[in-house]
Amino acid sequence: MPTPSLDSLPIRRLTLRDLTACADLSEDRGWPREEHKWGLLLAAGRGHGVDSPDGGLAAACVVTEYGPREQPSLAAIGMVLVAERHSRQGLGRRLMHHVVEEAGPTPLTLHATPLGRPLYEELGFKVTGQAEMVRGHFVPSGRPDVLTRTATADDLPAILRLDEEVFGTDRTHIVTRLPAFADQLRVAEEDGRIIGYAAAWPNMNTHVVGPLIARDTATAQALIASLAAHTNRPLRTDIDVRHRELLDWVKERGLAPVAFNAVMTHGITELPGDWSRRFAPVTVAAA
């Protein structure tokens with residue numbers, strides 16, 4: 001039988017049953033397998049994929065929606081991958097066209113690598129910001145001025161309120177998964193009021209710090225230091241470059257620059273919420 005053309009291969013919905021195939025696709029492109037992250041994205045978001053005629057996935061991506069289920073106020077696109085043997089044949093473009101069309105009027109956002117940026121610009125995405133990935137073993141210095149502690153179940157309503165206020169839309173379906181997804185979930189407190197929170201979740205041999213939401217830079221510093229104090233792994237995080245003071249601070253304490261990603265949007269000129277208190281995403285794959 002002749003091998004079907006890539007143009008004729010259907011785009012289907014991915015589920016948690018596709019977790020191994022998604023991890024295999026990551027590995028095929030030289031990325032870490034990241035099964036733990038794929039599990040969160042496939043559970044909280046909506047995966048799209050194309051099956052390869054010779055087995056496995058030819059392409060995949062995940063869309064995570066925020067706000068009302070009936071009419072989301074924002075959707076984040078991530079993990080856009082095409083198998084090496086099917087690359088440069090238009091499959092990524094077709095998958096992205098499908099996602100953009102399905103989103104309709106919902107504003108979109110994504111973090112783009114330099115390699116992927118031209119395709120996204122072709123589809124109408126505009127660069128509206130930048131994030132810098134840093135990684136390394138955190139070296140503590142001094143005692144933070146802000147009180148932090150482990151989050152409890154009783155903190156969840158306050159965390160959700162703060163998160164929606166800062167992020168600009170409801171993402172309960174992500175935040176409520178953090179206690180099970182992350183190895184640490186900590187809050188910063190002042191006079192009994194939560195003024196920031198952060199998680200550290202396992203990704204290969206690192207702990208990724210995200211989300212990181214804080215009243216100010218000092219609060220963000222205290223949260224990072226408290227997370228670092230409870231792990232022996234290197235930390236990794238993606239910090240909005242407008243938070244230059246925090247980036248300089250983590251670099252002084254052992255985290256080295258790794259890469260820059262362009263923050264891009266479609267249908268809006270800037271992300272909702274309060275960027276001054278939004279320091280790092282859960283993952284760049286879900287904004």
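This is a predicted model: local features need pLDDT of at least 70, side-chain atom pairs count only at pLDDT 80 or more; totals for chains, interfaces and linings use all residues.
**View A. Where is the place of M204?**
M204 sits in the loop between β9 (193-203) and β10. Residues are numbered from 1 along each chain as its sequence is written, and side-chain values use heavy atoms, with hydrogens and water left out. M204 has a positive phi of about 55°, even though it isn't a glycine. Most residues other than glycine have a negative phi, and most peptide bonds are trans. With a relative accessible area of 48%, M204 is partly exposed; buried means under 20%, exposed means over 50%, and partly exposed is in between (1.4 Å probe, protein chains only).

**View B. Here is the cis peptide bond at P211.**
Move along to strand β10 (residues 206-214), and you'll find P211.

Look in the segment after β13 (278-280) for A287.

**View D. Now for the largest nonpolar core, with its 39 residues.**
A nonpolar core is a set of buried Ala, Val, Leu, Ile, Met, Phe, Trp, Tyr and Cys residues, joined through side-chain atoms within 4.5 Å. W38, Y66, I159, L178 and Y197 touch the most other members. Helix α2 (residues 35-44) supplies the largest share of this core, five residues. Another core lies apart from it and has 26 residues, among them V146, I195, V209 and A222.

**View E. Helix α2 is largely enclosed by the rest of the structure.**
Seven of its ten residues are buried, so there is a lot of protein around this helix. The buried residues of α2 are K37, W38, G39, L40, L41, L42 and A44.

**View F. Helix α5 (156-167) has its buried residues on one face.**
Which residues of α5 are buried? They are I159, L162, D163, V166 and F167. Seen down the helix axis, they fall within an arc of 115°, so they line one face of α5; the arc is taken from the directions from the axis to the C-beta atoms. The length of α5 works out too: at 1.5 Å a residue, its twelve residues should span 16 Å, and the end C-alpha atoms are 16 Å apart, which agrees. That expected span is 1.5 Å times one less than the number of residues. Zoom in on I159, which touches A151, V175, V187, I194 and Y197, leaving aside residues up to four places away in sequence; contact means heavy atoms within 4.5 Å. Just after α5, G168 takes a positive phi of about 95°.

**View G. T169 pairs up with S73.**
T169 is in the loop between α5 and α6 (172-175), and it is buried, with a relative accessible area of 7%. A polar contact of 2.4 Å joins the side chains of T169 and S73. Such a contact is a pair of N or O atoms within 3.5 Å; within protein, one must be able to donate a hydrogen and the other to accept it, and residues adjacent in sequence count only if both atoms are side-chain atoms. Not counting residues up to four places away in sequence, T169 touches Y66, G67, S73 and E164.

**View H. Helix α1 (residues 19-28) has C22 among its buried residues.**
Buried along with C22 are A23, L25 and S26. These residues fall within an arc of 155° when you look down the axis of α1, so they line one face. They pack against β1 (11-14), α2, β3 (57-66) and β4 (74-82). Just after α1, G30 takes a positive phi of about 85°.

A disulfide here is a pair of cysteine sulfur atoms within 2.5 Å. For C22, the nearest cysteine sulfur is that of C61, 9.9 Å away. Both cysteines count as buried: C22 is at 0% relative accessibility, and C61 is at 0%.

Note on methods:
Helices (H or I, at least four residues) and strands (E, at least two) are DSSP runs, numbered from the N terminus.
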